[in-house]
Amino acid sequence: MPLETVWIYLFVILLVLVFMLFALVYIICRNTEPYPKVLRYGEEKYFLDPNTGEKTLFPSIQDEWSVNISVIVPAYNEEERLPPMLDECLRYLEQSKKAGLTYEVIVVSDGSTDKTVEVAHSYAKKYNTVRVLALVKNRGKGGAVRLGMQSARGSVLLFADADGATTFSDLKKLDESLKHILGFDYITSPDKTATSHAVVCGSRAHLEEEEKAKRSLFRLLLMHGFHFLVWFFCVKNVHDTQCGFKLLTRESARVVFTALHVERWAFDVEMLYIAETLKLPISEVAVEWQEIEGSKIVPVWSWLQMGRDLVLISLRYKLGAWKIARPKIG
């Protein structure tokens, strides 16, 4: 084949690639809202008091704080794994009341089709600090956490997985890190805490070496590939973005979850991407963690979905298709 013909072919291929790139950018920008539109049905704005049968309007994260800490527990078909988690959580929080802590627990049933709502209401009968947000339709973990956050009263807000994989008493480690960032704590200085900025992430990174021995080569490649994609495209300063044990001040939760678009598994990554972009103080704290049977993640398929989402998160923000409302920080 003559050299000129080869160059012509290469030029045509280059043109096609450029056209495809521009088409992709156009599709992303054309079909994307710059700010999230959060769907919330009328009945999702209320919580039921199972003792009286009365429904009460949830507060808003835009309101002033009225308890020291809100614990958000996203739950999808968790009738079996939820009770042990709530038992441990409430035992720790009730014990902490002796030190002056006030709290609430918001269980967000993410369109569950089992008895998750009934189980959560059984705890609300015994504890007036427990509220149940029953979503009409499944939103995904990120969507459930966001609606729980936006309904919370805390000076600080923690979200914790319903499976109880993280030892709840490790909250004290997150508290210590938060105090180190701010210089004060949310029990003695809840006003100052609520209006400050900080994000503290529980982390399982210290357990990776031990876990490597239990994983196949294929799963190890997927895990390291996912970590690389997270670092390359989105989050530079947090090694374990997926641990479901994160503590935010009220102001940081308000800013981050107002901007959040992703409602499925990769929401943690977008949340931390937003926090890093806004230069919020972020710390990562080692916590105890154990594998609990019944995970909703399908190892290969879920990781592939998250990998796709990571690329799209980065592209959409870099292209300006997604935007972050930038508050005054400091």
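Helices (H or I, at least four residues) and strands (E, at least two) are DSSP runs, numbered from the N terminus. Counted that way, the chain has 11 helices and 9 strands. What you are looking at is a predicted model, where local features need pLDDT of at least 70 and side-chain atom pairs count only at pLDDT 80 or more, while totals for chains, interfaces and linings use all residues. Residues are numbered from 1 along each chain as its sequence is written, and side-chain values use heavy atoms, with hydrogens and water left out.

**The whole chain**

Colour by accessibility to begin. "Buried" here means under 20% relative accessible area, "exposed" over 50% and "partly exposed" in between (1.4 Å probe, protein chains only). Of the 330 residues in the chain, 49% are buried. Among contacts in the chain with a separation of 6 or more, 81% are between residues 24 or more positions apart.

**Stop 1: helix 3**

Select residues 116-126, which form helix 3, and show the side chains of Thr116, Val119, Ala120, His121, Tyr123 and Ala124: these are buried. An α-helix has 3.6 residues a turn, so residues three or four places apart point the same way.

Zoom in on Thr116, which sits in helix 3. Thr116 counts as buried because its relative accessible area is 0%. Leaving out residues up to four places away in sequence, Thr116 touches Ala75, Asn77, Glu78, Glu79, Leu82 and Ser109.

**Stop 2: the rings**

Next, show every Phe, Tyr and Trp. Rings of these residues (the six-membered one for Trp) pair if their centres lie within 6.5 Å; planes under 30 degrees apart count as stacked, over 60 as edge-to-face and the rest as tilted. The whole structure holds 10 aromatic pairs. Select Phe47 and Phe58: the ring centres are 5.0 Å apart and the planes are at 55°, so this pair is tilted. The pair links distant parts of the chain, with Phe47 in strand 1 and Phe58 in the loop between strand 2 (55-57) and strand 3, 11 residues apart. Phe47 is buried at 10% relative accessibility, and Phe58 is buried at 6%.

Now go to Phe159 and Phe267, another tilted pair, at 5.6 Å centre to centre with 50° between the planes. Here Phe159 belongs to strand 6 (residues 154-160) and Phe267 to helix 10 (residues 267-277), 108 residues apart. Phe159 is buried, at 0% relative accessible area, and Phe267 is buried at 0% too.

Then pick Phe228, Trp231, Phe232 and Phe233, which ring pairs link into a cluster. A charge sits over a ring if NZ of Lys or CZ of Arg is within 6 Å of the ring centre and within 35 degrees of the ring normal. The charged end of Lys236 sits over the ring of Trp231, 4.5 Å from its centre. Arg204 does likewise over the ring of Trp289, at 5.2 Å from the centre.

**Stop 3**

On a 1 Å grid over the protein atoms alone, a cavity is a set of points where a 1.4 Å probe fits but cannot get out, and a pocket is an open set with protein on both sides within 12 Å along at least five of seven lines; lining residues have an atom within 4 Å of a point. Grid points are joined across faces, edges and corners, and a volume is the space filled by probe spheres set on the points.

How many cavities of 30 Å³ or more are there? The count is 1, and the largest cavity holds about 80 Å³ of space. Its lining includes Met85, Glu88, Cys89, Phe168 and Phe245. Helix 2 gives the largest share of that lining, 3 residues.

For the second largest pocket, about 250 Å³ in volume, select His261, Val262, Glu263, Arg316 and Trp322, which lie nearest its centre among 16 lining residues. Helix 11 (residues 299-319) provides the largest share of the lining, 5 residues.

**Last stop: Ile313**

Stay on helix 11 and select Ile313. Ile313 is buried, at 0% relative accessibility. Neighbours within four places in sequence aside, Ile313 is in contact with Cys234, Val262, Ala266, Glu270 and Trp322. From Ile313 to Glu270 the C-alpha to C-alpha distance is 6.8 Å, across 43 residues of sequence.

Key:
Contact = heavy atoms within 4.5 Å.
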